[in-house]
Amino acid sequence: MRARVAWRHGWWLAGVVGLAVWSGLARAEAAADWLNRAASAARQQNYSGIYVYHHGEHVEVMRVRHRADASGEQEKVEIMDGSSRQFLRINDDVYCHLPDGKHVQVERNPLRRFFPALLPAQPAGLLAYYEPKLGGIERVAGHSCQVLTLEPRDGYRYAYTLWLDQRTGLPLKARVVDDNGSAISMFVFSEIQIGKAPDLQQLRNDMTGKIVQTVRFDKPAVSAWNVTPPPGYEKVQEAVRALPGKRAPVTHLVFSDGLSVLSMFVEPVDPKVQTLRGLSAEGAIGIYGREVDGYTVTTLGEVPGLALIETGNSASHK
């Protein structure tokens, strides 16, 4: 009799454990589905709205118009306060109309995306470095949203929380927090219209009388530096460029895990210019500087200091 009870208890326990495992897998699968919906919606939906970007003590208000049709994507982002700037993206070409009203900086850069397009087109690769978890339902800009959190699996990236429109999956709010739970930055729509394509006239790229400056990333220069970024980060851009105020060309490297991004700038030491040594921060952006063989190596990004320090310390001449 006692053996029969133990046998039944064992099967009951196995059933409970199996149900828990199945439930956990189902939740993980549902979270991954929402991640895919969010990545697609930002590229495929038509929308117009105004959002606020908080980073550190700074606040910026922006208007975005996004149109997707048979010709691809067109998107216009206007900075609503401070210096007048606007960005027009036509598929992979980005036109930045500078505040002086005379110059337009043009770059072919498939990685240059604006909120709400924060996720890569194929977000499955993020799952190796972030654990997706579904939260509750909350309202943003009058829309019911599914809350989705991406928790980092290591100390090289911050946690992201996304509020996704329940009907379309479009991200309407995104918040980045550090390992203490403090907010690093946040995007949030105050108003948005989803589903209606903006008029083409509103997306017109007026280049009349403008001086065009072309920035090319599709023909990267060969860097003279070896750099080992943290696990999951890959080099996505590499260029040697002349920058305003710099005596010599600056090597610019960009690394990303598909969501988090960090940059490295390498330039000859200028004894007349005081440069950063060690770890610092400017608003939401962390900065780490050191000197290597007569060069200043500066690593920066909205990532934990550990990622900046290890990347900066790995830099060496080839």
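Visitor: Is A141 buried, partly exposed or exposed?
Guide: This is a predicted model, and in it A141 is partly exposed, because its relative accessible area is 28%, which falls between the 20% limit for buried and the 50% limit for exposed.

Visitor: What about N91, what is its phi?
Guide: N91 is not a glycine either, and it has a positive phi of about 55°. This residue lies in the loop between β4 (86-90) and β5 (93-97), and with a relative accessible area of 33% N91 is partly exposed.

Visitor: Changing topic: which kind of peptide bond, cis or trans, runs from F115 to P116?
Guide: The bond from F115 to P116 is cis, with omega near 15°, and P116 has its place in the loop between β6 and β7. In general, most peptide bonds are trans.

Visitor: Which loop holds N109, then?
Guide: N109 is found in the loop between β6, which covers 103-108, and β7, which covers 130-140. N109 counts as buried, because its relative accessibility of 5% is under the 20% cut-off.

Visitor: What does the accessible surface come to?
Guide: The accessible surface of the chain comes to about 17,000 Å², and carbon and sulfur atoms account for 52% of that surface.

Visitor: How many disulfides does the structure hold?
Guide: The structure holds zero disulfides. As for cysteines, C96 is buried with a relative accessible area of 10%, and C145 is buried as well, with a relative accessible area of 0%.

Visitor: Which strand is V250 in?
Guide: V250 is found in strand β15, which covers residues 250-256, and it counts as buried at 2% relative accessibility.

Visitor: So what does V250 touch?
Guide: Leaving aside residues up to four places away in sequence, V250 touches A239, V240, R241, L243, F265, V266 and E267. Taking A239 from that list, the C-alpha atoms of V250 and A239 are 8.2 Å apart in space, and the two residues are 11 apart in sequence.

Visitor: One last topic, how much space lies in the second largest pocket?
Guide: About 310 Å³ of space lies in the second largest pocket.

Visitor: Which residues lie nearest its centre?
Guide: The second largest pocket is lined by 18 residues, and those nearest its centre are K246, E267, P268, V273 and T275. E267 is also one of the residues that V250 touches.

Visitor: Which strands supply at least two residues each to that lining, and how do its residues divide?
Guide: Strands β16 (261-268) and β19 (295-301) each supply at least two residues of the lining, and the lining as a whole divides into nine nonpolar, five polar and four charged residues.

Terms used
Residues numbered from 1 in each chain as written. Predicted model: local features only at pLDDT ≥ 70, side-chain atom pairs only at ≥ 80, totals over all residues. Heavy atoms only, no water. Areas by Shrake-Rupley, 256 points an atom, 1.4 Å probe, with all protein chains shown as cover. 1 Å grid on protein atoms, 1.4 Å probe; cavity = no way out; pocket = protein on both sides within 12 Å on 5 of 7 lines; lining within 4 Å. Points joined across faces, edges and corners; volume = space filled by probe spheres on them. Helix = DSSP H or I, 4+ residues; strand = E, 2+ residues; numbered from the N terminus. Nonpolar A, V, L, I, M, F, W, Y, C, P; charged D, E, K, R; others polar. Disulfide = S-S within 2.5 Å. Buried < 20%, exposed > 50% of the residue type's maximum accessible area, 1.4 Å probe, protein only. Contact = heavy atoms within 4.5 Å.
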